[in-house]
Amino acid sequence: MISKQLTVVGGGLVGAAIAYGAASRGLSVRVLDQGDTAFRASRGNFGLVWLSSKGGGMPEYARWTRDAVGQWGGFHQELLDRTGVDSGLIQKGGFWLGFSQEEVQKRANLLAKIDREAGGIPFRMMEASEIRQYLPDIGPKVVGGSWGAQDGMANPLFLLRALHSGLKKAGADIISGIDVAAIEHDAAKGRFTARSRDGQGWTSDRIVIAAGLGVGELASQVGIHAPTVTTRGQVLITERLKPFMDYPTNKARQTAEGSVQIGSTTEDVGLDDGTTVEKIEWLARRAVDTFPALANARLVRAWGALRPLTPDGYPIYQESGTCPGAFAVVCHSGVTLAAIHANVIGPWMGGLTDAPPDVAPFNGKRFLDKNARFVGDH
Amino acid sequence: MANNVNDLVVIGSGPAGMAAAVEARALGMTVSVLDEQPAIGGQIYRRVEDAPEALQMILGKDYGAGRVLAEEFRQSGAAHIPGATVWNLTEDGVIDYVDAGGTRTISATNVLIATGAMERPFPIPGWTLPGVMGAGAAQIMLKSAGAQPAGSVVLAGCGPLLYLLAWQYLRAGVKLAGLVDTTRFSTYVTALGKVHGAVTGRKDLVKGLGLISRVRLARVPIYSGASDLEILGEDHAEGIRFRHKSKSREISAGLVLLHQGVVPNTQLSWSLRAEHRWDAAQLCWTPVTDDAGRLGETQIHVAGDSRRIVGALASAIQGRLSVLAMHERKGGTAQPGHKAELQRQLARYTALRPFLDVLYRPLDEHRIPADHVTVCRCEEVTAGEVRSYVDLGCLGPNQTKSFGRCGMGPCQGRLCGLTVTEIIAAARKVAPGEVGYYRIRPPIKPIHLGSFAQSTS
Amino acid sequence: MTTETLFSIPKKAGQAMVRIEFEGETLHVPDGISVAAALLSSSRGALRTSIVKGTPRAPYCMMGVCFECLVEIDGIPARQGCMTLVRDGMIIRRQSGAPSLEGLASGGKNGE
């Protein structure tokens with residue numbers, strides 16, 4: 001078994017972006033990915049590249065997202081140049097749409113607070129009549145909304161393919177069908193071995209645990225506290241339609257391929273990634289309320305995916321204090337943060353740079369304070 | 001809504017569904033039968049209740065047998081709900097469907113999935129062109145509308161339905177430009193090895209061979225042992241090219257009817273996350289059930305071709321046997337000897353199946369096509385693209401689907417699923433059973449978002 | 001070749017007929033048959049073009065599984081022609097690429 005400089009456990013959007021960031025800068029990288037039917041949050045990602053309203057309870061996260069979104073354009077071009085895969089970035093602004101004056105006002109207050117605390121996150125509130133100039137097909141139930149100039153969308157699945165393709169081109173090994181059960185640390189040699197359920201092992205100087213729902217258990221083996229809670233998001237997808245929605249919204253977006261994604265729910269249901277009739281109906285009605293013409297569009301797929309969240313909804317990026325060289329990542333915004341994961345997190349965890357100062361707040365230790373209470377924000 | 005719980009809801013009103021309903025009614029169960037089509041009969045007995053006499057003559061005696069069952073069904077007192085598209089089924093017997101009025105829900109103590117079969121996809125160059133259809137599709141044109149080919153027509157592939165349609169066309173006076181048969185003589189020999197256990201199926205065998213010889217006698221050019229089928233034409237089918245006796249041949253025809261057997265319609269059983277296994281004899285996925293078609297410990301049974309391809313007569317018997325098992329589970333008993341008689345009939349009707357499975361096994365190149373051939377008709381993904389995703393590390397169809405949208409269109413993978421499984425298996429050099437299938441989720445059929453707004457709940 | 005349809009339905013005395021319109025042309029077809037069967041028997045060529053590559057398509061399975069027979073019926077896009085029975089006065093149009101929701105903002109057209 002050839003030893004690598006870096007092993008990344010998890011080949012989803014988060015793991016693949018970090019691995020790509022390290023591999024494209026010359027490190028020898030291996031990615032251990034699960035099989036065809038694994039729980040894959042990446043497949044249920046709604047696909048928004050979204051800044052507005054992020055970090056209402058944590059200005060550092062708002063700034064982190066702002067920087068990530070700012071790097072997306074260049075990152076998209078880089079992936080396109082290297083792999084020929086278009087990750088579908090459209091970043092010309094997006095809307096949040098509200099059904100009542102009360103929720104619109106709440107929204108305005110939140111966005112003002114974030115901009116005040118984090119800086120550089122401008123927004124504009126609009127009446128329905130003004131929104132209609134951009135989205136002529138919104139229905140009468142939409143009373144107003146907000147506009148964020150840096151918001152946009154990408155295709156999560158093509159982004160994942162672009163990352164895997166980029167990894168392959170950079171010489172990384174992607175090993176699929178692997179369930180990693182344990183991380184072994186050889187302190188004397190400063191090496192890590194990822195051990196699969198069937199006993200195979202892969203060694204490397206450094207290791208990143210980005211295994212979604214599996215992070216908590218593996219991270220604890222290298223002394224990192226990375227608690228995760230699981231939420232299910234259900235998404236509806238229509239047949240491909242001729243373009244009619246020029247901008248993404250919080251309730252629906254039309255992809256570059258033409259299908260409309262309608263989403264998404266946030267449910268606390270444990271490890272059930274199924275879909276439910278109740279939520280499908282709720283999402284469908286809400287979509288038709290937002291864009292009445294969608295009544296004539298056909299629902300082709302419904303999707304349920306489990307997303308790993310931390311108790312406060314903000315990410316964990318952390319190096320182990322007891323096993324230096326081991327890292328854990330918990331993050332559910334794999335699309336929005338893809339560029340900064342590749343550009344900043346990958347080089348850091350790969351050992352090419354020091355810990356970036358702006359990730360210091362995203363330490364899992366914040367969840368060890370017994371007196372702290374957390375409200376999930378996402 | 002839930003206060004009206006049926007003892008049995010049957011999905012599909014083909015032979016298995018109709019017979020099950022009749023059996024259940026005889027046992028005093030309350031029964032509703034949902035079907036997407038406006039009339040009962042399924043595809044095999046399509047329009048069986050009101051087919052004109054001239055058409056019945058063309059279609060033959062086996063089709064007429066469906067009439068008896070349809071009459072029994074009508075008299076049974078089972079409720080028939082036509083035009084009902086089932087889009088969701090749960091393990092505890094809740095069924096969501098859409099009809100002209102919107103979304104509706106029906107509940108049952110027992111559910112029978114009797115959704116029948118569909119023609120096996122035939123991914124060859126040009127198979128998406130107008131003028132190329134399934135032979136089964138053309139037979140539906142004949143049954144449902146009395147429609148016959150207007151110009152030159154060629155039939156190609158293998159399987160009993162191909163010869164049956166040829167025979168029916170001859171009776172209707174349709175001239176065939178050719179019958180391109182991919183069955184090889186050497187396969188007859190292998191298949192004959194399966195006949196020894198199939199003496200009870202001899203009658204069916206004789207009947208089948210009789211069809212073939214009658215088509216021959218009608219001086220239809222038959223090209224046996226053909227391979228490497230390819231549709232000619234740019235915007236429309238203009239004919240077919242194939243290899244025959246190591247020569248390349250072409251037949252021109254504006255209508256090419258392809259067929260290489262039928263495969264179970266398994267979307268509903270997959271959507272329940274029931275266990276399925278790759279059936280190496282029939283080259284398709286089949287749900288794992290007990291002898292009565294029960295899925296695990298659920299109250300859901302599968303009967304007929306949606307369990308495994310057995311044909312119309314055996315399907316009807318399976319439907320009845322599933323109902324008897326439901327009845328017995330509730331402590332009921334059947335009439336003495338009835339069950340044994342049904343089992344005897346089932347054995348007779350399925351005796352020939354192993355022979356047919358070997359004889360009419362579709363050729364590898366017509367299931368696992370070359371790189372340039374489109375496998376996903378909806379999203380227009382080629383076999384080569386799927387293979388390139390395997391190169392990137394994809395192990396199964398759900399990963400290739402997310403990398404390249406293969407299987408994401410309105411047909412929901414029905415026309416590419418088997419092909420993709422086999423392409424990946426061949427590329428990875430593993431058995432198809434190890435590769436798996438698409439994760440099928442509701443909606444089982446595409447439904448208008450507006451249907452929910454009309455919902456009466 | 002251009003005037004030839006793929007299928008024909010032999011005329012029968014006493015057969016009830018309905019009048020449908022396809023791409024502006026009036027067709028007289030037997031009552032009780034599907035839109036797909038009617039069009040395959042009285043018009044020629046593709047019923048639609050595909051969404052990704054714009055290739056010509058026509059009905060393939062006739063039993064509701066392949067979704068190749070999608071046409072616009074009475075203003076509603078992407079209806080399955082093989083699953084819809086003809087009705088007197090029905091207006092059918094070819095579909096070019098993806099269905100369009102344009103003009104359907106009220107959630108339906110022609111009273112559908």
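In this predicted model, strand 9 of chain B and strand 1 (residues 7-8) of chain C pair in the antiparallel sense over two bridges. B:Pro149 has C:Phe7, in strand 1 of chain C, as its bridge partner. This pairing belongs to the contact of chain B with chain C. That contact draws 34 residues from chain B and 35 residues from chain C. Four elements of chain B each supply at least two residues of the side that touches chain C: strand 7 (117-119), strand 8 (132-134), helix 4 (135-145) and strand 9 (148-149). Helix 4 of chain B gives the most to this side, with five residues. By class, the side of chain B that touches chain C holds 16 nonpolar, eleven polar and seven charged residues.

Chain B also meets chain A. Here the contact takes 27 residues from chain B and 32 residues from chain A. On the chain B side, helix 13 (397-404), strand 23 (447-448) and helix 16 (450-453) each contribute at least two residues. Helix 13 of chain B gives the most to the side that touches chain A, with five residues. The side of chain B that touches chain A divides into 13 nonpolar, eleven polar and three charged residues. Strands pair across this contact as well. Strand 15 (residues 298-309) of chain A and strand 23 of chain B run in the antiparallel sense and share two bridges. A:Arg298 stands opposite B:His448, a residue of strand 23 of chain B.

Chain A was divided by the domain assignment into domain 1 (4-76 + 156-227 + 312-367), domain 2 (94-149) and domain 3 (229-309). The C-alpha centres of domain 1 and domain 2 of chain A lie 33 Å apart. Their contact takes ten residues from domain 1 of chain A and 13 residues from domain 2 of chain A. On the domain 1 side of this contact, four residues are nonpolar, four are polar and two are charged.

Chain A also holds a helix crossing. The axes of helix 2 (residues 59-83) and helix 8 (residues 338-349) of chain A come within 7 Å and cross at roughly 90 degrees. Helix 2 and helix 8 of chain A are therefore roughly perpendicular to each other. A:Asp67, A:Ala68, A:Gln71, A:Trp72 and A:Phe75 represent helix 2 of chain A in this contact. They meet A:Ala338, A:Ala339, A:Ile340, A:Ala342 and A:Asn343 in helix 8 of chain A. The residues of this helix contact divide into seven nonpolar, two polar and one charged.

Chain C contains an open sheet. Three strands form this sheet in the order 5-4-9, with mixed pairing. Strand 5 (56-57) and strand 9 (95-96) of chain C are the edge strands, and each pairs on one side only. Strand 4 (residues 48-49) of chain C pairs with strand 9 of chain C in the parallel sense, over two bridges. In this pairing, C:Arg48 stands opposite C:Gln95 in strand 9 of chain C.

The model scores ipTM 0.94 and pTM 0.94. Chain C averages a pLDDT of 89, and 88% of its residues score at least 70. Over residues 106-112 of chain C, the pLDDT is below 50. Beyond near neighbours in sequence, this stretch of chain C has 15 contacts in the model.

Conventions. Residues are numbered from 1 along each chain as its sequence is written. Chains are lettered from A and ligands numbered from 1 in the order in which they are written. This is a predicted model: local features need pLDDT of at least 70, side-chain atom pairs count only at pLDDT 80 or more; totals for chains, interfaces and linings use all residues. Two residues are in contact if their C-beta atoms, placed from the backbone, lie within 7 Å. Ala, Val, Leu, Ile, Met, Phe, Trp, Tyr, Cys and Pro count as nonpolar, Asp, Glu, Lys and Arg as charged, and the others, Gly among them, as polar. Two strands pair if DSSP finds at least two bridges between them. Axes are lines fitted to C-alpha atoms, for helices over the stretch in contact, and angles run from 0 to 180 degrees between N-to-C directions. Angles under 35 degrees count as roughly parallel, over 145 as roughly antiparallel, 65 to 115 as roughly perpendicular and the rest as oblique. pLDDT is the predictor's confidence in each residue, from 0 to 100. Domain bounds come from an automatic or database domain assignment.
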